[in-house]
Protein chains: 2
Amino acid sequence: MIRDTARANSHVVTILPQEDRLEIEEGENLFRFLVRHGYSIPSSCGGMGTCGKCRVLIHKGLKPPTESEEVHLSRAELDQGWRLSCQQRLNCDVVLEVPQIDETIQAKELLKQELHIALDPGIEKVYLELPSPGKEDQRPDTIRIQEGLRVERMAFPLSVLRKVPHVLRVKNFTATITKEKDRALDIEPGDTTGGLYGLAIDIGTTTVAGYLLNLNSGQEIGVRSQMNPQKSFGADVIARIKHVYEHKETGLKELQEAVVSGINRIIHQLCQTATIQPAHIYKATVAGNPTMLHLFTTVDPSQIDHSPYIPVLRDGTIISANELGLEINSEGRVYIIPAISGYVGADITAGVLFTNLHESSKLSLFVDIGTNAEIVLGNRERMLACSTPAGPAFEGALIRYGMSATPGAIAHVLLSGDSELSLEVIGNSTPRGICGSGLIDLIAELRKVELINEKGKLLTQDNLHYAKRVTPDERSQPQFLVSDGAKPIYLTQQDIRELQLAKGAIRSGVDIVLHEWGAGLEDIDIVYLAGAFGNYVRRESVLRIGMLPPFPLKKLKPVGNAAGQGAKLCLLNQEEWIKAQELAEQVQYFELSYYKGFSDSFIESLYFKGI
Amino acid sequence: MIRDTARANSHVVTILPQEDRLEIEEGENLFRFLVRHGYSIPSSCGGMGTCGKCRVLIHKGLKPPTESEEVHLSRAELDQGWRLSCQQRLNCDVVLEVPQIDETIQAKELLKQELHIALDPGIEKVYLELPSPGKEDQRPDTIRIQEGLRVERMAFPLSVLRKVPHVLRVKNFTATITKEKDRALDIEPGDTTGGLYGLAIDIGTTTVAGYLLNLNSGQEIGVRSQMNPQKSFGADVIARIKHVYEHKETGLKELQEAVVSGINRIIHQLCQTATIQPAHIYKATVAGNPTMLHLFTTVDPSQIDHSPYIPVLRDGTIISANELGLEINSEGRVYIIPAISGYVGADITAGVLFTNLHESSKLSLFVDIGTNAEIVLGNRERMLACSTPAGPAFEGALIRYGMSATPGAIAHVLLSGDSELSLEVIGNSTPRGICGSGLIDLIAELRKVELINEKGKLLTQDNLHYAKRVTPDERSQPQFLVSDGAKPIYLTQQDIRELQLAKGAIRSGVDIVLHEWGAGLEDIDIVYLAGAFGNYVRRESVLRIGMLPPFPLKKLKPVGNAAGQGAKLCLLNQEEWIKAQELAEQVQYFELSYYKGFSDSFIESLYFKGI
């Protein structure tokens, strides 16, 4: 991938600040190229030149702007060297900078969680000092190894078999075998038993996270996350599925390569930091929603996006790393965590596994809030699950000044005094927008002072607290001034509507699940809030806007990236993956959109009738 | 592989009589190219231009002869268009003819043997009529299939998983699953249960044979054999191993591709004749000597050719067809039959399996005569095996007028009258040379009339029968006129020496095995003669020259291509492959070259002391 000089008809792209050097074919679309190599390039048009988001800063090799760039970039930006990557087709070497939006603050905080579990990953390294062959000992190499391991049979995949004769003779018949049960995964000369690592992967629609663990000690030695490079093809699962069926020949492969490249970047960064060889990672576990896992395995997810929402696979499955293009040991075993239905995925299975809901005698509620909200209610006797489309409002989409939880985002809001707002901004920088948790806080606070009424209308009466911040927008709709810096930030009436739809979907889902179970609020022992959002949002605000029924505050327990934690459990202990399979099979899924009372319940839930 | 027009910088080679059309890069060596594509081109120099054997007849695209061609081809041949393929580097399209030496007469006769065994190949096709998904039935595709099959779990390799959603919807959720235990191998729309085939493969150093069987009926529906294309790299296993270590980067791969191309040609010919799809072959079993199986799997055999003769693998192993490049169903299961030692291979395991020696209470001797002779002595209690290097004399090499058992070869000789010879020529054509069985007959007959003495000397006294056929050759050594047609054929003194070495090696091997066991001739119930040679040779002659101890003639039982028969057993019944594994483990191998009395016994065996 990294060369000093490019071949004829290709050019070298140097990407700052990492100074990655990649070779690109002359005339190839730079946007597609970067995505294919695992860079997160924002885009909502998928490279059509219409959204203006895929900007890169070109330091060397700048060309005059295209028409589309003239439209989407200011004169000053063009002069600085900003261009849209989708408009670039290179005819010379270039040096460019990709805006760094990779690691979210949230992720950094959330990813660090300790697990306590017996270490039994199912993969082991055994160091062997074997006798050399001789006239009295003509055993074949593989038999010599088997007898050294004291096993009756050993399956040697071809790639390992091919290494055997050479490796055994490098250090005089001392060698280290890596194996999973009776299957050899690797052979190396001498003693390399120290190098045994695993990777837990959580493929979110928005963010991909990787956790590197030492499988000898169980210790976590690194965490990285970055945006899912598939975002360039569409913000949500529906848009990505659409990309697949609209690009029959290439779409599925493009999406697979994008996410695998992203994970491979994470792998290389983790390994570089920890100074370990990627080939010493022998096991990976993968959580993600069903669409993400179909795309990761290049299995067509097209049937998921329309009724009756049928995925291809649900059970856990084990795949060799080389079949997926994952750059760990080529024989490394990739454990796909089992899913529950077309919209309740391995991320939920892993999350429930982490909370131990499935082994508890008490009734617990598990809610994972994202573009879709998945809800699991149950105990060790029985579990019910459903999924409800919350929409992307919590992730900043469709909100006028919405943004993801990255530096510059208003993450928390408190009213103080009669007209002042206390804002918490990620990275303590000048606010650039508002993210999901900030939006919920803000609306909850405005409900408290009744500047927003029960129906969700932003009021304008002069006599109300904070009312002077309400002004008409360009379409004469009321808007609320959140921050009045160089770039003022407003909450619009439309934003409130979006939030109502999102929280209404979740609330009606929870209400229906409780109703189906026949449980009252008092029957619920604990409510797990999973996901980055669940961890970051203020629980009081969640209750105030009525996104959840009025549980006592102390019952709400944020559990962070429960999917990642569950994936780590499966990595550290092989029994956990089997438990995940049993768990997934036990859960009864019901389709909310077929539920008779859903529309009623949903409309009812739109109103702000919280505390 | 077949195109109508070639790309720039490449040309089309049309090969007669099949009219295969292949694309070749400009400047590529034609000899290497043909070998790589599975054609059997004779050569003993491996394309260096020094042996003159790799001739092809060029019909279109003829160039003036090179120096090497002037040396090795006559003026008439050059004028007809004969050229050496190793001297050709094409700069235009050519049409050429490869001399047809593919199918030996022997093979044709030998390959047809019937087997009687219970049909249980371990691979099955199941036709499913599944309910379509709906609001009341949201089961994932794979779960729907599993429940249709009434199995708890099913492993779907990625390639099958990727076909599932499309295939299920082609014919309204009717589909055929091919499976091996709980592993899916294929899914096809509708009912294709009729298309279930298997291939038994016997990779000989000289000849590769393929048997196509219907796994629904057990019926054999086709047989093909051809020369092992690896022959171009060397006649025996030692020469091929040498090629591997003398061409570190490429040698192993070249040899693997050569043999796989040869097998693929057989597959396509078999399928074309039987009008079946290669993708309907789901199982293959492979027999061969250890070096052949190392090369077939691209595993370095370098340690086999020197003491202590260590192979990499011995146990049976199962590989996916796509990993080997075998053009059957890409998920087809390729069962490598287990071997016994570095020189007693899967061909012997399969052969013994076929004779049932390992399950008999009586003591039997199994002898497979080739470049190496492998000997197994035993019964159901105990088995002993060894290998002895007979050299290539039986295959015609090193014999002045030697040739393989192909049309034109003298295959049998009888003395009639005082000076007449009765010759049996393969294909009833003009004799072109003499093959192994003819050589043994001839020498046995000349021993009978004592024109060859006990020490192997060709006598010249006038008073002996047939003596007038003995004349001095150009080095004043006696030679015996076998045939005096347009091209006279002689047996030379040196030829007799070569035969003595070969038969001496076998005889001493047999004697030592009997001695090790403590068995006398009378203890042996039956002597199996395996291999094409064993089937074709006259048993009386074998006994007369003393290649075997003086067993009663009726105890000698030719069993034809026992290796191929054993491979078919493993194909038809999965238990047989497991039995082969047990059998291979039971056999005690002993290294003849380390045996104390070997030299003595060998020298003793050189003499003609037969009946």
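**Entry 1: α13 and α18 in chain A**

I noted at the start that this is a predicted model. I looked up helix α13(A), residues 493-517, and helix α18(A), residues 598-606. I read that their axes come within 8 Å and cross at roughly 125°. I therefore wrote down α13(A) as oblique to α18(A), because angles of 65 to 115 degrees count as roughly perpendicular and those over 145 as roughly antiparallel. I recorded the crossing of α13(A) and α18(A) as right-handed.

Next I listed who makes the contact. From α13(A) I found Q500(A), L501(A), K503(A), G504(A), A505(A), R507(A), S508(A), D511(A) and I512(A). From α18(A) I found F598(A), S601(A), F602(A), S605(A) and L606(A). I sorted the residues of this contact of α13(A) with α18(A) into six nonpolar, five polar and three charged.

**Entry 2: the buried side of α18**

Which residues of α18(A) are buried? I found F598(A), S601(A), S605(A) and L606(A) to be buried. They lie on the same side of α18(A), because they cover an arc of only 140° around the axis. I reminded myself that an α-helix has 3.6 residues a turn, so residues three or four places apart point the same way. What do the buried residues of α18(A) pack against? I noted β17 (383-389) and α13, both of chain A.

**Entry 3: α7 and α8 in chain A**

I then turned to helix α7(A), residues 237-246, and helix α8(A), residues 251-274. Their axes are 6 Å apart, and the helices pack at an angle of about 135°. I therefore put α7(A) and α8(A) down as oblique to each other. The contact uses R240(A), H243(A) and V244(A) from α7(A), and G251(A), L252(A), E254(A) and L255(A) from α8(A). I counted three nonpolar, two polar and two charged residues in the contact of α7(A) with α8(A).

**Entry 4: I348 in chain A**

I found I348(A) in helix α11 (residues 346-355) of chain A. Is I348(A) buried or exposed? I wrote down buried, because its relative accessible area is 0% and the cut-off for buried is under 20%. I left aside the neighbours within four places in sequence and looked for contacts of I348(A). I found I340(A), F366(A), D368(A), E374(A) and V376(A). I also checked I348(A) against G566(A): they are 218 residues apart in sequence, with a C-alpha to C-alpha distance of 9.0 Å.

**Entry 5: cis peptide bonds**

I looked up the peptide bond between S307(A) and P308(A) and found it cis, with omega about 5°. P308(A) is in the loop between α9 (290-296) and β13 (317-320) of chain A. I placed P308(B) in the loop between α9 (290-296) and β13 (317-320) of chain B.

**Entry 6: positive phi**

What is the phi of N428(A)? I read a positive value of about 50°, although N428(A) is not a glycine. I found N428(A) in the loop between β19 (420-425) and β20 (433-434) of chain A. I noted N428(A) as exposed, because its relative accessible area is 73%. N172(B) is in the loop between α6 (158-170) and β7 (174-180) of chain B. I counted N172(B) as exposed, at 55% relative accessibility.

Methods
Residues numbered from 1 in each chain as written. Chains lettered and ligands numbered in written order. Predicted model: local features only at pLDDT ≥ 70, side-chain atom pairs only at ≥ 80, totals over all residues. Heavy atoms only, no water. Axes fitted to C-alpha atoms, helices over the stretch in contact; angles between N-to-C directions. Helix = DSSP H or I, 4+ residues; strand = E, 2+ residues; numbered from the N terminus. Parallel < 35°, antiparallel > 145°, perpendicular 65-115°, else oblique. Left-handed = near helix turned anticlockwise from the far one by under 90°. Contact = heavy atoms within 4.5 Å. Nonpolar A, V, L, I, M, F, W, Y, C, P; charged D, E, K, R; others polar. Buried < 20%, exposed > 50% of the residue type's maximum accessible area, 1.4 Å probe, protein only. Arc of directions from axis to C-beta.
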